[in-house]
Structures are given as structure tokens and as C-alpha cells.
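Biologist: Before we go through the packing of helices and strands, could you show me the model and explain each term as it comes up?

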Amino acid sequence: MCLLLIHPIPYQRKMAWWSLLGRARGSGFLCAHKRGFIYQQKFGLVNVKLKWVKDRALDAVVAGERDLKATCTLVSIISSNPHGGFPIYRLSRHRGQLGLSHDIRLATFIRRFPNIFDEFHVLDSGGTRVPWFRLTPEAQNLHQEELNALQENEMDILNRLMKLLMLTCDITLPLQTIDQLKWDLGLPYDYCDSLLPRYPELFSMVSLPDNRAGLKLRSWDDRLAVSQLEKDALLNQKEEDVRNGCLAFPIGFTRGFGLKRKCMKWLEEWQWLPYTSPYANASHLDSRTDVSEKRIVGVFHELLHLTLQKKTERKNVSNLRKPLSCPQKFTKVFERHPGIFYISKKCDTQTVVLREAYDRQQLLQKHGIVEIRERFARMMENGFLDKSRGLHKRSGINDLEVDPSRNSYDDQLDDVEFKFES
């Protein structure tokens with residue numbers, strides 16, 4: 001990949017400022033130790049070539065969570081029915097939210113995990129056996145633990161949502177955009193109904209100029225307007241650098257990356273540039289400069305820190321250009337800075353991972369909700385293996401047929417579905 005980058009020319013340097021540190025908990029990071037300086041920018045184009053190198057450890061992180069979001073979403077949908085079950089044709093209406101590949105039938109996917117989803121059949125009005133799915137007792141218990149974890153961490157989740165809105169120029173985002181990020185932020189599946197109405201002093205629903213529904217933060221909170229990089233700098237960088245606003249990003253490369261001398265020199269000088277807080281007004285920055293690029297890197301560095309697992313699919317942020325006041329092709333910073341971000345191409349998509357958050361395959365700081373998700377992932381793995389070994393057999397009790405004319409399932413399901421679709 002060939003890049004044209006604007007080269008900042010510093011007037012003075014006190015000493016060489018970056019050093020190769022040992023691997024933190026076994027993971028290598030290249031950290032910049034900078035000095036305050038006076039600089040000017042000139043529009044000299046430097047041809048810097050950076051390559052994408054596979055990181056097997058981070059690829060394994062992404063691949064290991066394949067279908068986890070779909071499973072947890074189905075668990076939330078099914079648990080919303082007081083009778084504890086949904087017919088397959090009702091679940092199929094939510095397929096677009098699951099992110100499954102088009103070549104797999106939804107019923108086939110659900111049947112892979114019989115220790116999570118229990119299948120039974122109900123006769124419709126024509127006497128046809130219709131597959132229904134409900135949660136197994138084990139899945140119900142784990143889902144209840146998830147709800148308890150959401151309740152215990154509610155203020156933390158609210159702060160993440162507030163900080164996301166504070167990253168935008170109008171402290172407003174379309175609900176569609178938030179929906180794309182709600183899994184990564186740890187928001188409940190039905191956050192519009194279960195969470196937002198309880199905090200009218202914080203959020204308001206608005207109609208956007210394009211007639212889409214949006215969420216607006218009612219008031220700015222200065223206590224939250226501090227980025228993770230600024231917090232870490234107070235602990236890890238020199239007071240003079242923090243005071244001068246010259247903050248460096250933690251950088252780590254895949255083993256065998258082989259950074260060329262010209263690239264190393266550019267990266268060294270780029271790290272020396274002033275850091276603009278992602279919560280600050282950046283309208284004065286020239287989008288053609290490296291200072292502006294560093295601000296964009298800082299925005300996505302902060303956004304990834306707001307996610308529970310420090311990663312998100314690239315398509316989830318591709319529509320944030322205007323809300324974040326970014327120039328065209330702003331996501332190119334992911335390729336330009338492979339020492340900060342890693343792009344995994346696993347699972348038929350591109351996932352942006354924050355390198356500093358991982359020690360090989362281990363997330364260094366695990367949120368309580370992440371631990372619940374990992375337990376769901378282990379359940380999925382065990383259920384799939386047991387099914388492939390023939391250990392899960394459908395019993396007559398589990399396949400009990402019920403005449404729907406003797407109950408009011410359909411009317412109640414319509415009420416539940418209307419709640420989710422609205």
C-alpha cells in the first residue's frame with residue numbers, strides 16, 4: 001500500500017525519543033517517549049509504503065467469536081416471550097440483525113446448539129408441524145446472569161453511550177448507527193425500551209433532517225470528556241509531554257513486520273505531533289495535514305476503547321464521517337497505522353482491533369459482560385461437539401405437539417414483536 005503523507009518538520013530535537021520496549025505480559029509494544037517542541041508543517045509529500053501482515057493471534061480472537069453475536073441476539077429475542085418460545089417463521093424476521101451468511105438456513109444454525117436452544121413442534125391451524133424454539137434451562141440461567149451483569153454495570157454502559165455521542169459534533173447519532181454498535185458497546189438488545197426511557201434527563205429522541213430517528217445527549221459532561229490516551233498518559237508519560245499536549249500512541253507490530261527506515265522516521269516524527277483530544281473542537285485543523293490525521297487516529301482509538309472488546313467491524317464506523325467531522329476516506333487510517341490498529345479479514349468481513357488491548361489472544365481488561373459472552377461461546381462449542389457426536393437426542397417430551405387454538409401465543413407474540421420492531 002502506497003501512501004502520500006504530509007511530513008512535519010520539527011525545529012529542534014533534544015534526543016532520539018523512541019525505544020523498543022519488552023513485551024508487556026509477553027506482548028511487544030513500541031512506545032514513543034517524546035519531548036515538547038516547536039514545529040511547523042510544510043506540504044512536502046513523502047511516499048511511505050506500509051504493508052498488511054497477518055496476525056494469527058488476533059485473527060484467532062475474531063474467528064473464535066464467529067456466530068456469538070447471532071446466538072446471544074437470538075437468546076435475547078426468545079427470552080422476551082413470556083411463554084419462552086418462538087416459531088421459526090417469527091425468528092426469521094430478525095435474521096437481518098444476526099449477521100449470518102446467506103447460505104445457511106436459520107433453523108439449521110439454531111439446531112447446531114441444542115444445549116442452548118430447545119426445539120419442539122406446534123400444530124398450526126392446518127395441522128402442519130411448525131418448529132418452535134425456546135431456551136434450555138442452562139441457557140436461561142446464563143441469560144439471567146447476563147441481565148444481572150447489565151444491571152450491575154448500567155452506569156458504565158450509560159457512560160460509554162454518552163461518550164460516543166460526545167465524540168460527534170452535534171452530540172447526536174442516528175439510532176441506526178447506534179444499533180450497529182450496540183453489541184460492541186454492551187447495550188441491551190432492547191435498549192430503546194429497557195434503558196433509555198429511564199434516563200430522560202440524559203437522552204432525548206429526535207427526528208433528523210433525513211427523517212431518521214436519532215438519539216441526542218441533553219447536556220455535555222466535562223467529567224467524561226477525557227480520552228483513554230490522556231488518562232494513560234498521566235501514568236505512563238512525562239509530565240512535560242502531557243503539559244505540551246505531545247501524547248504518543250502505544251504501538252506494536254506483528255512479529256516479522258520489518259518496518260523500513262523511511263517509515264520509521266515518518267512514524268517517529270508523526271508521534272511527536274500535538275495530540276488533539278477527540279472531544280475537542282477540531283474545525284481549525286487542516287484535513288491535509290498529519291496533525292489532522294493524528295486527531296482522526298485519536299478519535300478511533302477512543303471509540304475502540306469505548307467498546308467492551310476493543311474491536312468492531314469496519315462497516316460499523318463507515319457511516320460516521322459526518323458525525324465525527326472526518327474527511328473523505330477517513331477509515332484509511334486503519335491501513336496507515338498497522339501498529340495501532342489491526343484489520344482482521346476473518347469471518348467474511350473486516351474487523352478493526354485495537355492492538356494495545358490484547359496480549360496475543362487475551363484481552364487485558366475484561367468487562368463483566370465479556371466474561372458472560374465467553375461462557376456462551378464455550379456453551380456453543382460444547383453443544384456443537386455434542387451434537388456432532390450424537391449426544392443430543394430429541395425426546396418425546398421435548399417434541400410435544402400443542403394445538404395453538406388452545407392458547408393465545410400468536411396474539412402475544414405479535415405484541416412482543418411489535419415492541420422489538422418499533
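Modeller: Let us begin with pairing: two strands pair if DSSP finds at least two bridges between them. Helices (H or I, at least four residues) and strands (E, at least two) are themselves DSSP runs, numbered from the N terminus. This is a predicted model, in which local features need pLDDT of at least 70 and side-chain atom pairs count only at pLDDT 80 or more, while totals for chains, interfaces and linings use all residues. Residues are numbered from 1 along each chain as its sequence is written, and side-chain values use heavy atoms, with hydrogens and water left out.

Biologist: In which sense do β12 and β13 pair, and over how many bridges?

Modeller: Strand β13 (residues 351-354) pairs with β12 in the antiparallel sense, over 4 bridges, and Ile 343 stands opposite Val 352 in β13. Both strands belong to an open sheet of 3 strands, ordered β11-β13-β12, with antiparallel pairing. Its edge strands, each pairing on one side only, are β11 (311-313) and β12 (341-344).

Biologist: At what angle does α12 run to β13?

Modeller: Axes are lines fitted to C-alpha atoms, for helices over the stretch in contact, and angles run from 0 to 180 degrees between N-to-C directions. Here α12 lies across β11, β12 and β13 and runs at about 90° to β13.

Biologist: How do α6 and α12 pack, and which residues make the contact?

Modeller: Angles under 35 degrees count as roughly parallel, over 145 as roughly antiparallel, 65 to 115 as roughly perpendicular and the rest as oblique. Helix α12 (residues 290-306) packs with α6 at an angle of about 160°, the axes being 10 Å apart, which means that α6 is roughly antiparallel to α12. Contact means heavy atoms within 4.5 Å, and it is made by Arg 160, Lys 163 and Leu 164 of α6 with Glu 302, Leu 303, His 305 and Leu 306 of α12.

Biologist: How do the residues of that contact divide by class?

Modeller: Ala, Val, Leu, Ile, Met, Phe, Trp, Tyr, Cys and Pro count as nonpolar, Asp, Glu, Lys and Arg as charged, and the others, Gly among them, as polar. The contact of α6 with α12 has 3 nonpolar, 1 polar and 3 charged residues.

Biologist: What is the angle between α6 and α7?

Modeller: Helices α6 (residues 154-166) and α7 (residues 175-185) pack at about 140°, with axes 11 Å apart, so α6 is oblique to α7. Among the contact residues are Ile 157 and Leu 161 of α6 and Ile 178 of α7; by class, there are 7 nonpolar, no polar and 1 charged residues.
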